[in-house]
Amino acid sequence: MMKKTLLLLAVAVLAMLPGSDLYAAQKKVLSPADTIKAFHTAMANCDFASAKKYVEADEMKKMIAALETLIKEVPSLKEDTKKDFTPLVNAKIVSEKITGNKATVVFTYAKGKKTTKETLNLKKRNNIWVIE
């Protein structure tokens, strides 16, 4: 019994040390710009469950769910989705403005020879930035 308790305590202490994944997950709060990059990465990887965590609007969550369903029905669309979102993963952040619990991120990305500039608004919900 004592060995089990000591082992559990040791595991708990190790999990809290800097460098451990658990410690990083507890301490790392993504910036608005990092949230957008994480969203684009999730979409490029067709990780729709993760992508939905980065958005606030129900309409956007429904669109992601619809895309997920469509890909299940037409698997070849998965590659198209990856192609569409991969340029966004490499987007360059132009500006990030945080005002209280609101933020605006401007970024550019290249798709072929065309460079596109976009702006996304975010808000802080439960201390986590989400795309509005």
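1. Confidence. pLDDT is the predictor's own confidence in each residue, on a scale from 0 to 100. This is a predicted model, in which local features need pLDDT of at least 70 and side-chain atom pairs count only at pLDDT 80 or more, while totals for chains, interfaces and linings use all residues. Residues are numbered from 1 along each chain as its sequence is written, and side-chain values use heavy atoms, with hydrogens and water left out. The chain has a mean pLDDT of 83, and 80% of its residues reach 70 or more.

2. The N-terminal part. Helices (DSSP runs of H or I, at least four residues) and strands (runs of E, at least two) are numbered from the N terminus. Confidence is lowest in helix α1 (residues 2-15), with a mean of 37, and highest in β1, at 97. Over residues 1-27 pLDDT stays under 50. For that stretch the model has eight contacts beyond four places in sequence, a contact being heavy atoms within 4.5 Å.

3. The nonpolar core. A nonpolar core here is a set of buried Ala, Val, Leu, Ile, Met, Phe, Trp, Tyr and Cys residues joined through side-chain atoms within 4.5 Å. Buried means under 20% relative accessible area, exposed over 50%, and partly exposed in between, with a 1.4 Å probe and protein chains only. The largest such core has 23 residues, of which I36, F39, M43, I64, F107, L122 and I131 touch the most other members. At least two residues of this core come from each of α3 (32-44), α4 (48-53), α5 (58-73), α6 (77-89), β2 (102-111), β3 (114-125) and β4 (128-131). The biggest contribution, six residues, is from α3. In soluble globular proteins, nonpolar side chains tend to be buried together.

4. F107. Which residues does F107 contact, leaving aside its neighbours within four places in sequence? They are I36, H40, L88, A91, K92, I93, V94, T116, K117, E118 and L120.

5. Helix α3. Ten of the 13 residues of α3 are buried, so the helix is mostly covered. The buried set is P32, A33, T35, I36, A38, F39, H40, A42, M43 and A44. The expected span of a helix is 1.5 Å times one less than its number of residues. For the 13 residues of α3 this gives 18 Å, and the end C-alpha atoms are 18 Å apart, which agrees. After α3 comes C46, with a positive phi near 55 degrees. D47 sits in the loop between α3 and α4 and is partly exposed, at 33% relative accessibility. The C-alpha atoms of D47 and I64 are separated by 9.9 Å, the two residues being 17 apart along the chain.

6. Helix α6. The 13 residues of α6 should likewise span 18 Å at 1.5 Å a residue, and the end C-alpha atoms are 18 Å apart. T81, F85, P87 and L88 are buried in this helix. The cover over the buried residues of α6 includes α3, α5 and β2.

7. Strands β1 and β2. Two strands pair if DSSP finds at least two bridges between them. β1 (residues 92-99) and β2 run antiparallel and are joined by seven bridges. T99 stands opposite K102 in β2. The two strands form a hairpin with two residues between them, and G100 in the turn has a positive phi of about 65 degrees.

8. Salt bridges. A salt bridge is a side-chain nitrogen of Lys or Arg within 4 Å of a carboxyl oxygen of Asp or Glu. The whole structure has six. R125 and E56 meet in one of them, at 2.7 Å from N to O. This pair links distant parts of the chain, with R125 in strand β3 and E56 in the loop between α4 and α5, 69 residues apart. Relative accessibility is 30% for R125 and 24% for E56, and each counts as partly exposed. E56, K123 and R125 are linked in a network of salt bridges.

9. D84 and K111 form a salt bridge at 3.4 Å from N to O. D84 lies in helix α6 and K111 in strand β2, so the pair ties together parts 27 residues apart in sequence. E79 and K82 form another, with the closest N and O atoms 3.9 Å apart. E79 and K82 are separated by about one helical turn, because they lie three residues apart in α6. Both are partly exposed, E79 at 47% and K82 at 27%.
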